[in-house]
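Welcome! Let us walk through this structure together, from the whole chain down to single residues.

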Amino acid sequence: RSMSTVTIPPPACMLRPLEAPLRYLFGPGPSNVPPRILAAGAKPIIGHMHSEMFEVMDDIKEGIRYAFQTQNNMTISMSGSGHAAMECAVFNTVEPGESVLVAINGIWGERVAEIAERSGGSWHALLRIAMQKHKPVLFFLTHGESSAGLCHLVDGIGDICRKHNCLFLVDTVASLGAAPIFMDKQNIDILYTGSQKALNAPPGTAPISFNDRACHKMFNRKTKPLSYLFDMTYLSNYWGCDGKPARIYHHTGPVSGFFALRESLAILAEKGLEESWRKHKEIAAYLYKGLEDMGLKLFIPDRDLRLPSVTTIAIPDGYDWREMLAYIMKHHQMEMTGGLGPSVGMVMRVGLMGYNCEKFNADKALHALQDALKNCKKSKA
Ligand code: PMP
C-alpha cells in the first residue's frame with residue numbers, strides 16, 4: 001500500500017454540497033440580489049487586465065458618477081466591502097500627526113475614529129468650534145446611519161469644511177439610491193458606498209469618488225499611505241484615472257463582483273435616481289404606518305430624519321428582541337436584525353432596499369412582526 005503524503009485528510013464538510021437557503025433579506029444588508037445581477041455575476045471570467053474588463057470598469061465609473069451625482073475623474077470601485085472604502089478614504093488623505101474630525105451619530109463614526117487612529121492621526125468629536133481648535137484635515141459624516149436608522153442632513157457642512165481647509169468625507173453605504181445625495185452640489189470631497197444595500201449587488205465591492213481637493217491632498221503627501229492595496233496612486237492607475245497611457249498590474253480585481261456591480265448601476269440608471277428615492281420614501285412611509293398600526297414605536301421620532309432604507313423600531317416593552325428575531329427567521333425565513341454598536345438592545349432593524357423595496361415585501365415584514373408579537377410571549381419582567 002502506497003503511503004499517503006498528506007497527513008491531514010480531506011474534511012468531511014468539503015465532501016458535502018454547498019448550502020445557501022433562500023431568505024428574505026430584510027435587515028440592514030446584504031439585500032436580496034435580483035436574478036439579472038446574479039446572472040451578470042455568473043458570466044464567464046475574463047482577465048482583470050483584458051480590454052473588455054477595462055470597458056466594464058469604465059462603465060462602472062460612469063455608473064458611479066451618475067449615482068453620486070459627480071463629474072469627478074477620480075471615481076473607482078474598491079475590491080472589498082464598505083470598510084475597504086472607509087480605510088481607503090482615511091489612509092490616503094491622513095498622514096501621521098494630522099487631525100480628523102468625526103461626527104459620531106452611531107457606530108460608523110466610532111469605526112472611522114478608530115481607522116484614523118490607526119493611520120497615525122488623532123480624532124475629535126464634532127462641532128464648528130472643533131474645526132478651529134483641532135484644524136482637522138478630514139471631517140467624516142455618515143449620511144445613512146444604519147445602526148440608528150438616521151439620515152443625516154448634509155447641506156451646508158461641505159461649505160464649513162471648505163472654509164477651514166478640511167476635506168468632507170461622507171459614508172453613503174446604507175443610503176445611496178434610497179435618499180438623495182449630490183456629491184458635487186453639496187461640496188462633498190470624498191464619497192463612498194457599498195454594493196450590497198440599495199444597489200442589490202453581492203457584497204464585496206465599494207464605489208468611491210474623490211474630487212480635485214481630495215486628490216490634491218492625497219497625491220501631495222510626504223509619507224506613503226499605510227496600505228499598499230488601498231494606495232490611490234496605484235488604484236487610480238488600475239482604474240484608468242491617472243491619465244497614464246498604460247494600466248499596470250496592481251492587484252487582481254474581483255471580476256465577477258465588478259460584472260455584478262456594473263449591472264446594479266445599470267439598473268439604477270434605467271430606473272433613475274429620483275424614482276428610486278421616491279420609491280424608498282413611499283415604501284418606508286407605508287412601513288411606518290403599518291408598524292404604528294400594530295402598536296410599535298419608531299426609534300427616530302422625527303420622520304424627516306429617518307433613513308428610508310433602514311427603519312429602526314424601538315423594542316416593544318416586555319419582549320426579548322433576540323427571541324422575536326429568531327422566531328421571524330425560523331417561521332418566515334426572514335432576516336431582520338437587532339441594533340449595532342450603540343443601538344444594541346434598543347432597536348430592531350428592518351431594511352427594504354432597492355429590489356426589496358416593494359409594498360408586498362413591506363406587508364411580508366409587517367406580517368412576520370405581527371406573528372412574532374403574538375407568539376413570543378412577554379417576559380415576566
Ligand atoms: N457604513 C455604513 C453606514 C454601513 O451600514 C455599513 C455596513 N453595514 C458599512 C459602512 C460597512 O460596510 P461593509 O460591511 O460592506 O464593510
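The paragraphs below begin with the overall fold and then turn to particular places in it.

Before we start, please keep in mind that this is a predicted model, in which local features need pLDDT of at least 70 and side-chain atom pairs count only at pLDDT 80 or more, while totals for chains, interfaces and linings use all residues. Residues are numbered from 1 along each chain as its sequence is written.

Let us look at the whole chain. It has 12 helices and 14 strands; these are DSSP runs numbered from the N terminus, with helices (H or I) of at least four residues and strands (E) of at least two. Along the principal axes, the C-alpha atoms fill a box of roughly 75 × 65 × 45 Å. Of the 381 residues, 47% are buried. Here, buried stands for 20 or more other C-beta atoms within 10 Å of the residue's own, exposed for 12 or fewer, and partly exposed for the range in between, with C-beta atoms placed from the backbone. Among contacts between residues at least 6 apart in sequence, 73% join residues at least 24 apart; a contact needs C-beta atoms, placed from the backbone, within 7 Å of each other.

Next comes the ligand. Around it are 14 residues, of which Ser-81, Gly-82, His-83, Ser-146 and Val-173 come nearest; to be near, a residue must have its C-beta atom, placed from the backbone, within 6 Å of the molecule. This shell holds five nonpolar, eight polar and one charged residues. In this grouping Ala, Val, Leu, Ile, Met, Phe, Trp, Tyr, Cys and Pro are nonpolar, Asp, Glu, Lys and Arg are charged, and the others, Gly among them, are polar.

Two residues carry UniProt annotations. An unreviewed entry lists Lys-197 for "modified residue: N6-(pyridoxal phosphate)lysine"; such positions are given in the numbering used here, feature names are shortened, and annotations may be inferred rather than shown by experiment. Lys-197 sits in the loop between β9 (190–192) and β10 (205–210), and counts as buried because it has 29 C-beta neighbours inside 10 Å. Leaving out residues up to four places away in sequence, Lys-197 touches Gly-29, Ser-31, Val-173, Ala-174, Ser-309 and Met-353. Gly-29 is joined to Pro-30 by a cis peptide bond, with omega about 0 degrees. Arg-349 belongs to strand β14 (residues 347–351), and is buried because 26 C-beta neighbours lie inside 10 Å.

Finally, a few backbone details. Lys-135, in the loop between α5 (128–134) and β5 (138–142), has a positive phi of about 45 degrees although it is not a glycine. Lys-135 counts as partly exposed because it has 13 C-beta neighbours inside 10 Å. Asn-165 also is not a glycine, yet has a positive phi of about 55 degrees. Asn-165 is exposed, because 12 other C-beta atoms lie within 10 Å.

Note on methods
Two residues are in contact if their C-beta atoms, placed from the backbone, lie within 7 Å.
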